[in-house]
Amino acid sequence: MKKYIYTLSLLFSFLAAPAQLKIAQVYIAPFRHDADGAYTLIHDDFGAEYARGIEEYIDTMNYNRKLPICFAAIVGECDQEDWTKAKDMIGHGHQILNHSMTHKCGQVQSWCTFGNWNEKDFPTEIDKSTELILKNTGKHPAFFVFPFDLFTDTMLHYLEAKHYIGARAGKQNILNSAVLSDPFLLNFAVFRPGEPVSALNDMADKATQSKSWAVRVMHGIEDESWAQITAEEYATHLDYLQQQVKQNKLWMATLSDVVTYQYNKEAAVTKIAEQNKDGLPTKIIVELKNIKLPSGDLMSHDTLTIVLKHLKATPKTISQSQLYIPFEIRDDKVIFDINLPVNEIVLTY
Ligand SMILES: [Zn+2]
């Protein structure tokens, strides 16, 4: 009999569940602006003459559409003009990545015939290239991307000791989760010669559909780089990305933007602290757990997107430290960005 009552009460609580769902909820969005997926575009081989499309087209074409990208510099190939251009690109919201000093193979492979590098070359390939990027752009590179995507564990450990946040050294043709995992093992997909250009939009769609983060690697356009495409084909892809961003399906962001967001999300716990008599939240708090974060100058922002669901009324104001926060109503959600650290968020109706 006792067992029967227990089963019955479980049944009742199950039946009551839909009603409970209507209670106001607060949570941190998986991606900024509560986009479904995230997308990072990396253009390798900046500085090399054969990849000049990066500076000639790619920078401006993305900037005009307010889309930030990453560009990976072969540091030994960068002359003064390239450094000036790199600074402009950083000013346009793009992120510089370290693609080594001389673009050699990090593992001996029969197909890689450009010379090899190993621990003996760290002072040049990692230390000197890092210093030159910092000296010429004012930015310590936060991520390393390996030439030909060839590397060893020793290289990854060395980069970690040198205060890098991460590296493109995960699996190929697999998306990354929205949740923070090891940023030294970022998964990525390289656009290859002969691949249809439609594969670019397809990957963005996959990120949206599976609520994941795609890291897409390309080279130049309208130049002699590996797997280059035309400016027209590239524009078609960017127009599609821009439209997906506008519809809040996609968050187009740099590697640092996404990983910083993931660290902030990992560190934060949000809850409703006070409600009014109608059950509407009037005070929300965001507590920060004590987790190890990368050094502040490598984190690219201090924001998080908060989502409120199932509110029976629309807030009149939302504020943090007496400053009004702009918010958006989308579907049945109230969505807004906060700056960390935050004491409390106050809502009025
Ligand atoms: Zn390369």
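Reply: First, a term: a nonpolar core here is a set of buried Ala, Val, Leu, Ile, Met, Phe, Trp, Tyr and Cys residues joined through C-beta atoms within 7 Å. Keep in mind that this is a predicted model.

With that in hand, the largest nonpolar core has 68 residues, and the members that touch the most others in it are Phe71 and Ala73. That core takes at least three residues from each of domain 1 (22–31 + 260–348) and domain 2 (37–255). There's also a second, separate core of 13 residues, with Val26, Val286, Leu304 and Val342 among them.

Let's stay with Ala73. Leaving out residues up to four places away in sequence, Ala73 touches Phe46, Gly47, Cys78, Ala86, Ile96, Asn98, His99 and Ile133. Two of the names on that list, Ile96 and Asn98, belong to strand β4 (residues 95–98), and Asn98 is the β4 residue that stands opposite Ala73. The pairing behind this is parallel: strand β3 (residues 70–73) is joined to β4 by 4 bridges.

Now look along β4 itself. Ile96 and Asn98 point one way, Gln95 and Leu97 point the other way, and all of them are buried.

Where they meet, domain 1 puts in 11 residues and domain 2 puts in 13. On the domain 1 side, helix α8 (residues 255–267) gives the largest share, 3 residues. Sorted by class, that side of domain 1 has 5 nonpolar, 3 polar and 3 charged residues.

And the chain as a whole? You're looking at 8 helices and 17 strands, with a C-alpha trace that spans about 75 × 50 × 40 Å along its principal axes. Buried residues account for 38% of the 349 residues. Of the contacts between residues at least 6 apart in sequence, 71% join residues at least 24 apart.

Notes
Residues numbered from 1 in each chain as written. Predicted model: local features only at pLDDT ≥ 70, side-chain atom pairs only at ≥ 80, totals over all residues. Buried ≥ 20, exposed ≤ 12 C-beta atoms within 10 Å, placed from the backbone. Helix = DSSP H or I, 4+ residues; strand = E, 2+ residues; numbered from the N terminus. Pairing = 2+ DSSP bridges. Contact = placed C-beta atoms within 7 Å. Nonpolar A, V, L, I, M, F, W, Y, C, P; charged D, E, K, R; others polar. Domains from an automatic or database assignment.
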